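Good morning, everyone, and thank you for letting me take a few minutes of the meeting. Please look at the sequence and the structure on the screen while I talk you through them.

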Amino acid sequence: MMEPIVVEFDVRASQEHAFDVWTSRASMWWPRSHTITEGPDLTVVFEPFAGGRIYERGSEGSEHEWGEVVIWEPPARVGYLWHLFVDRSEATEITVTFTETDNGSRVRLVQTGFEKLGAEVGTERRRRTSNAWLELTALYREVI
Amino acid sequence: MDDIGNGFVTLTATMTAQPLESDPFAALGDPNRRAIVELLSNGDRSVNEIADDLPISRPAVSRHLRLLKEAGLVIDRADGTKRLYRLDASGAEMMARYMEEVWGEVAARFRLAAENTPDSG
């Protein structure tokens, strides 16, 4: 069993603004190295409701699914399934909470479900684990 | 907490990974080592079998394998007179490690954006 990844940090922005920038303005700041098309004009879309799609639209108009919104509670919480670069069946779960602080807000991100990557036994596990490796090395090539 | 100065209050990633002698990301920073990892993702191989598929010598493959082993990415076992190598850390663990790196960059870029745009609240 793998423990979740937890990332927590403060930001000098209101809770509402932090939520808004995280979701509807992700195109502004999401690292291009961690996208499918890597184009300068790509758009990241969070459809603002539970069940909404999260996807990248390349400058040439192609769409690439990244995940699905499962919790939409502005401005406090957004939760989503995340399968950028992996098969949808291997989506991890991400929950981001935004709380007010004295001079801004605190962002806390929790990502769980890594054990789904390669959880099956036998041949299937082997295949999936191999895929995850290939994806990882491909990703790595892109970020360096 | 008022750690607004440098921002990061905590950045914790508590994986069940054992301590490694060298950084797996550094180990993957070499194209030949990534090629070896990709070959091994298809099944166990000996040094000679790896060398047959890559444009590098057998001693060079051995050196890369030693580094990958120190980074916890491959393990080896004896098979008759041969020594076979296979991937050690699971793809899941590697993906988790990769995501830790990504979230660090994401957090920094997000803060810049949120703190330098008019408040939409």
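Predicted model: local features only at pLDDT ≥ 70, side-chain atom pairs only at ≥ 80, totals over all residues.

Let me begin at one residue, Ala18(A), which, leaving aside its neighbours within four places in sequence, is in contact with Val11(A), Ala13(A), Phe98(A), Ser105(A), Val107(A) and Ala114(B), where contact means that the C-beta atoms of two residues, placed from the backbone, lie within 7 Å. Residues are numbered from 1 along each chain as its sequence is written, and chains are lettered from A and ligands numbered from 1 in the order in which they are written.

Ala18(A) also belongs to the largest nonpolar core, which has 47 residues and in which Ala18(A) and Leu73(B) have the most contacts. Such a core is a set of buried Ala, Val, Leu, Ile, Met, Phe, Trp, Tyr and Cys residues joined through C-beta atoms within 7 Å, and a residue is buried if 20 or more other C-beta atoms, placed from the backbone, lie within 10 Å of its own, exposed if 12 or fewer, and partly exposed in between. Helix H5 of chain B, residues 91–115, gives this core its largest share, 10 residues.

How many of the nine residues of helix H1 of chain A are buried? Eight of them are, so H1(A), residues 15–23, is largely enclosed by the rest of the structure; among the buried ones are His17(A), Ala18(A), Phe19(A) and Trp22(A).

Chain A has three helices and seven strands, and of its 144 residues 32% count as buried. Chain B has five helices and four strands, and of its 121 residues 31% count as buried.

Finally, in chain B, helix H2 (residues 31–40) and helix H4 (residues 58–70) pack at an angle of about 75 degrees, with their axes 10 Å apart. That makes H2(B) roughly perpendicular to H4(B), since angles of 65 to 115 degrees count as roughly perpendicular, those under 35 as roughly parallel, those over 145 as roughly antiparallel and the rest as oblique. Asn32(B), Arg33(B) and Ile36(B) of H2(B) make the contact with His64(B), Leu65(B), Leu67(B) and Leu68(B) of H4(B).

Notes. Axes fitted to C-alpha atoms, helices over the stretch in contact; angles between N-to-C directions. Helix = DSSP H or I, 4+ residues; strand = E, 2+ residues; numbered from the N terminus.
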